[in-house]
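This briefing covers helix packing and salt bridges. Please look over the sequence and structure first.

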Amino acid sequence: VAQGLIRAALEELQDPRVSAAMRAGARYTIQAAGLPMPGVDLDQELALPIGDSLLNDTGQTLIWFYSGAYAADQARWDDHAAAVARLRVVADRLLAEGDSANARFAAGAALALSGRGLWLRGETERALSTLMEGQRRTTWTPSASRETLNGTIRWWIGELLLELDRPREAARYFESFWNDPWAAERLGPIYERLGDRAKAREAYALVATAWRSADPELQPRAQTARAAAQRLAAPVKR
C-alpha cells in the first residue's frame, strides 16, 4: 500500500495467514483513500459481524471498529450505533474478566468510532475531543493490527484539524506516520501553507519516489508531487 501497489496488496490480503482484523483494517484504509478495489465487495467484506460467538476475542474489537467506521462513511447510522454499542459491551465484558488493558483498548475504539459519527454529522468540536480521547486509550504496541487502528484514529484527527483550519496541529498527527507517502501527500501542502519550503519539498519528493511504480490510478498524484518538489527546488524570486 505504501508503494501504491494496491492490486498487489489486495492479493496479499487473500493469504490465509493474514488475520481477519488486519484484512478489515487494510481494506478500510484503501477505500478511505478513494482507491478502486476491483473484485472486492466492500459491503460484504466490511459488513457488521453476525452473532457474538467471538465476543471475547479482542480481535473482534478491530472488526467491529472498521465495519462501524465503514457504516458511518456510508451514513448507515443504525449500523454505526450498533457497532459502537457492541464495542462498549466488549469493553465491559473484558473488564469484568479482569483484562483491563484490552478493556481500555475496546472502550477507546468505541469512543473513537462515536467521534467519527459526530464529525460526519457536523459536531466537529465535540468529535475532536472524543477522537483524541479514543486515540489515547487505543495506544498499543507492538501489535501491528492494533497500531493500524490507532493510526486510523490519528488520521481522522489530522483530517478534522485541517477541516477546522488548524494546520500546525494537523501536521503533528500526520508526522506520526513516519516515512509514509500517504501522510507525506498531506504534509506537503500543509508545510507550504506554514511557509516551510524545505519540509514541503521533502514531503513531495517522498511521495514521488514511493509512487514511481504505483498503480495507474495513483500516477497523476505522483506526477503532481514530483512537479511540486521541482517547483520548490527552484530559487525563490525576490
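Contact here means heavy atoms within 4.5 Å. Helices (H or I, at least four residues) are DSSP runs, numbered from the N terminus. This is a predicted model, in which local features need pLDDT of at least 70, side-chain atom pairs count only at pLDDT 80 or more, and totals for chains, interfaces and linings use all residues. Residues are numbered from 1 along each chain as its sequence is written, and side-chain values use heavy atoms, with hydrogens and water left out.

**Helices H11 and H12**
- In H11, Arg197, Ala200, Arg201, Tyr204, Ala205, Val207 and Ala208 meet residues of H12, among them Ala222, Ala225, Arg226 and Leu232.
- The axes of H11 (residues 197–210) and H12 (residues 219–233) come within 8 Å and cross at roughly 145°; axes are lines fitted to C-alpha atoms over the stretch in contact, with angles from 0 to 180 degrees between N-to-C directions.

**Salt bridges**
- The whole structure has 15 salt bridges, each a side-chain nitrogen of Lys or Arg within 4 Å of a carboxyl oxygen of Asp or Glu.
- Arg7 and Glu217 form one of them, at 2.8 Å from N to O.
- This pair joins distant parts of the chain, with Arg7 in helix H1 and Glu217 in the loop between H11 and H12, 210 residues apart.
- Arg7, Asp215 and Glu217 are linked in a salt-bridge network.
- Arg186 and Glu159 also form a salt bridge, at 2.6 Å from N to O.

**Accessibility**
- Glu159 counts as buried because its relative accessibility is 19%; buried means under 20% relative accessible area, exposed over 50%, and partly exposed in between (1.4 Å probe, protein chains only).
- Arg186 is partly exposed at 28%.

How values were computed. Helices (H or I, at least four residues) and strands (E, at least two) are DSSP runs, numbered from the N terminus.
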